[in-house]
Amino acid sequence: MAAHRKPRQRSLGGGTARTAATIALAGAATATGFDGTGHAEPHLSAAQVKAKVDKLYEEAEVATEKYNGAKEKADRSEERLDKLRDEAARKTEGLNSARDALGSIAAAQYRSGGLDPALQLALSDDPDRYLDGAEFAERAGDRQAQAVARVRKQLREIEQLRGAAHVELASLKSRQAELKRHKQTITGKLDTARRLLSQLTTAERTRLAQTGGAGHASRSSTSPRESLTTPGSAAADAPNSRAATAVSYAYSKLGSPYVWGATGPDAFDCSGLAQAAYRSAGISLPRTTYAQIGAGRRVARSELLPGDLVFFYSGISHVGIYVGNGQMIHAPNPTAPVRLAPIDEMPFAGATRVV
């Protein structure tokens, strides 16, 4: 069957692309500007740099979710294309067998007189037209007519499969072009953020990393010590065992690096962490934030329980896993690893209870 198949196309957005896009704060210290001259930034205060970097990370995360959605669709297109090619290969083998059998029938007829139709069938550039020919039809009895009908049906099915594969291949190429565009947007914004961060002192970058480097300062009136949530208490307060499993998984990934497009087990983006946490509990979530918010029952902020997914920004471009006491575990951005943070550090957009 392999002889009938084209080589599998290499999927975009794999581990290499993910790793290349990782931008750690340590790397920002030595980062330089783009293309040498012509991109010098005016001197900015630490607060101005933070504001610009926060905005760049928010925009990069929007592009990341679009990338994730396009990649999910590209992966499905690639799977469908493989299945179509496999099915076409199987049907081609079946067609060859049917033609051989039909040729045997025709050869037997030739022995009783007339031009060998088996040879004509084997050499014909258009077997379907040949099978419509009066000479063959006149020689065909009921048994032969059934065999002819089967060959015609297989020919039509193979042509349909080839047409569907052609359409799917065009779709895949379009998705791959879309992936490339989103990747360029993401890397451009992350590079700009890195260049801005390189203007800060080591102490300023450290303070930025400690605050997560994104969103707004916490408006919570609860002190850090009072708001701390332990893994055991968060899991115990979850509404069911699957939510508890997702919470425990999120705690186990604290400190893992942020990598755009990553879904674990060692690195994550925000929606990748949510997906991986619930995958550990046997639940399949969609890949993107804007799809994940519709994957369960919407709940009010006042009703949040550990395991609920909490979403941020008007475009639903960021997600975290609520763990209780006003806190979540999330993958913030390239300046900070998976961490525990208050849910009021970013504009709250809604929440979903998956199970």
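The rule works on a 1 Å grid over the protein atoms alone: a cavity is a set of points where a 1.4 Å probe fits but cannot get out. Grid points are joined across faces, edges and corners, and a volume is the space filled by probe spheres set on the points.

Keep in mind that this is a predicted model: local features need pLDDT of at least 70, side-chain atom pairs count only at pLDDT 80 or more, and totals for chains, interfaces and linings use all residues. Residues are numbered from 1 along each chain as its sequence is written, and side-chain values use heavy atoms, with hydrogens and water left out.

The largest cavity has a volume of about 110 Å³. Its lining has 17 residues, meaning residues with an atom within 4 Å of a point. Closest to the centre are Tyr57, Glu61, Tyr258, Pro332 and Asn333. Helix H3 (46–111) and helix H7 (142–197) each give two or more residues to this lining. H3 has the largest share, with 6 residues. Helices (H or I, at least four residues) and strands (E, at least two) are DSSP runs, numbered from the N terminus. By type, the lining has 11 nonpolar, 3 polar and 3 charged residues. Here Ala, Val, Leu, Ile, Met, Phe, Trp, Tyr, Cys and Pro count as nonpolar, Asp, Glu, Lys and Arg as charged, and the others, Gly among them, as polar.

Now the sheet. What is its strand order? The sheet is open, with 6 strands in the order E1-E6-E2-E3-E4-E5 and antiparallel pairing. Two strands pair if DSSP finds at least two bridges between them. Strands E1 (297–298) and E5 (339–342) are at the edges with a single partner strand each, so one side of each has no neighbour in the sheet.

Look at E2, residues 309–312. Leu309 and Phe311 point one way, Val310 and Phe312 the other, and all are buried, that is, under 20% relative accessible area (1.4 Å probe, protein chains only). E2 has 4 bridges to E3 (residues 318–324) and 4 to E6 (residues 348–353). Leucine 309 sits opposite isoleucine 321 in E3, and its bridge partner in E6 is threonine 352. The E2–E3 hairpin has 5 residues between the strands, and there tyrosine 313 takes a positive phi near 75°.

On the other flank, E1 and E6 pair over 2 bridges, antiparallel. Arginine 298 stands opposite threonine 352 in E6.

Note on methods: Buried means under 20% relative accessible area, exposed over 50%, partly exposed in between (1.4 Å probe, protein chains only). On a 1 Å grid over the protein atoms alone, a cavity is a set of points where a 1.4 Å probe fits but cannot get out, and a pocket is an open set with protein on both sides within 12 Å along at least five of seven lines; lining residues have an atom within 4 Å of a point.
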